[in-house]
Amino acid sequence: MEISKPHAALLSSPGMGHLIPVLELGKSLVTHSNFTVTVFVVASHKSPAESNHLLDSLMRPKLFDIVQLPPIDISGLVFITQLAIMMREVRPALRSAISATKPRPTVLIVDLFGTESFHLADELDMLKYVYVPTSAWFLALTIHVPFLDKEVKGEYNNQIEPLRIPGCKAVRPEDVVHPMLDRTNQQYFEYVRLASEMPMSDGILLNTWEDLEPSTLAALRDESLLGRVAKIPVYPVGPLTRTISGLRSELFDWLDNQPSESVIFVSFGSGGTLSYEQMTELALGLELSQQRFIWVVRPATTEAVDAAFFNSASSDDDRLTCLPEGFLTRTKSVGVVVPMWAPQVAVLMHPSIGGFLTHCGWNSTLESITNGVPMIAWPLYAEQRMNAALLTEELGVAVYSKVLPKKKVMGREEIEKMVRRVMEDKEGHALRTRVKELKHSAEKALSNGGSSYNALRDWHSNVRFTCDAKKCLQKP
């Protein structure tokens with residue numbers, strides 16, 4: 001009997017860190033699993049023209065439809081609460097948009113903040129999955145946090161002992177995810193809620209792969225460990241990252257003239273910001289290191305480290321005022337300062353790049369690994385401190401300062417030391433060897449017969465079987 005072609009509706013919360021992995025999952029479902037895909041995106045407060053331009057730039061070639069849902073007023077709320085409220089308030093618009101989509105989607109895949117839309121999937125007789133575009137270790141903590149909520153007394157970051165997760169690496173109190181820093185804040189209650197709702201799905205898709213986190217993935221499946229909580233299949237289908245080719249600009253002309261693996265790329269993602277004092281120390285640290293660099297500079301801020309997440313870009317003049325006097329002149333022979341944004345994937349792919357100073361967002365982490373580039377970990381918010389610990393202590397592909405940026409300003413001497421460790425020292429050579437091993441591991445996982453290829457195939461088969469079975473049951 002011929003099985004109809006599944007139609008997956010993917011729901012993404014705003015922000016590049018959420019949108020990009022959802023779009024990459026959509027591309028994978030279309031090209032490798034023969035799905036029809038519609039992506040529903042909760043609009044930010046950018047202008048419609050700016051939002052459309054951004055989506056168009058991320059969708060070349062265009063493989064599926066993207067529907068923008070109306071923006072929600074989230075002024076006056078903190079970061080995680082903003083995302084949770086936006087995803088909650090957009091549900092009526094999502095219901096209308098899905099109902100108007102022809103053919104009707106048979107599968108709903110939500111990102112981490114969209115679990116409150118599960119009831120909508122039930123109402124419309126759709127399968128429901130969660131796509132967690134980050135590490136298995138983060139998923140393990142999230143699945144376990146409702147139990148920690150009952151067991152741990154007081155604030156998590158005031159605990160003396162690490163927070164234990166069955167079958168997994170424990171989490172140091174200072175490394176807990178951003179919403180766990182204040183148990184009286186609404187963002188903490190939102191985090192516990194979505195953690196409780198995730199096991200209500202039909203399964204979880206993860207942007208990681210077997211060889212990267214084997215022990216954690218085993219614990220998520222083990223019914224005597226975390227598997228007893230999840231009670232649903234977990235599919236590691238990553239690394240799903242952007243691919244860019246044929247991009248040229250003056251930046252790449254400059255890179256072409258640099259020696260192999262001689263340039264460190266510095267970027268804190270689309271949402272990360274630094275204080276004025278920290279910007280000064282970073283600039284002077286790069287100068288002291290005497291290494292070639294590309295630095296994507298955003299204006300300094302007196303607000304939170306995630307202040308740029310929902311904000312529009314500032315002018316080039318704004319970012320220039322954040323740099324020390326004379327810095328651009330003194331470093332013009334070895335460095336390039338790029339205002340606001342650079343084509344990160346294309347930069348990391350270039351053979352002249354030898355290191356990446358990064359905020360450790362999971363998208364950036366995977367883009368660095370899949371291009372064989374070692375990292376300097378500089379976590380700012382969300383789950384980035386966990387990512388930094390994973391990269392340095394478990395995977396051995398990054399260095400991490402003992403001076404935590406969230407607690408005090410990191411001085412120029414410490415920054416110089418970290419840059420030299422990656423770019424010059426024997427430690428940097430070891431990091432580079434290890435990250436290239438992981439690059440090959442990632443390529444193998446995604447290739448025909450690899451672990452992620454098989455995981456996506458198994459998920460696809462399960463969806464097709466379940467959808468067909470439900471249709472058979474509905475026949476008179």
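Predicted model: local features only at pLDDT ≥ 70, side-chain atom pairs only at ≥ 80, totals over all residues.
I started with contacts: of those in the chain with a separation of 6 or more, 74% join residues 24 or more positions apart.

**Whole chain**

I looked up the secondary structure next and got 19 helices and 13 strands. The chain has 476 residues, and 59% of them are buried.

**Arg 91**

Then I picked Arg 91, which sits in helix H4, residues 91–100. Buried or exposed, or in between? I have Arg 91 down as partly exposed, because its relative accessibility is 23% and the buried class stops under 20%.

What does Arg 91 touch, leaving aside neighbours within four places in sequence? My list reads Glu 116, Ser 117, His 119 and Leu 120. I checked one of these pairs by C-alpha: Arg 91 and Glu 116 are 8.3 Å apart in space and 25 residues apart in sequence. I also followed the Arg 91 side chain to the backbone oxygen of Arg 88, which it reaches at 2.9 Å.

**Ser 364**

Last stop was Ser 364, a residue of helix H15, which covers 362–369. Ser 364 goes in my buried column because its relative accessibility is 6%, and the cut-off is under 20%. Not counting residues up to four places away in sequence, I found Ser 364 touching Gln 344, Phe 356, Thr 358 and His 359.

Conventions
Residues numbered from 1 in each chain as written. Heavy atoms only, no water. Helix = DSSP H or I, 4+ residues; strand = E, 2+ residues; numbered from the N terminus. Buried < 20%, exposed > 50% of the residue type's maximum accessible area, 1.4 Å probe, protein only. Contact = heavy atoms within 4.5 Å. Polar contact = N/O pair within 3.5 Å; in protein donor to acceptor, adjacent residues only side chain to side chain.
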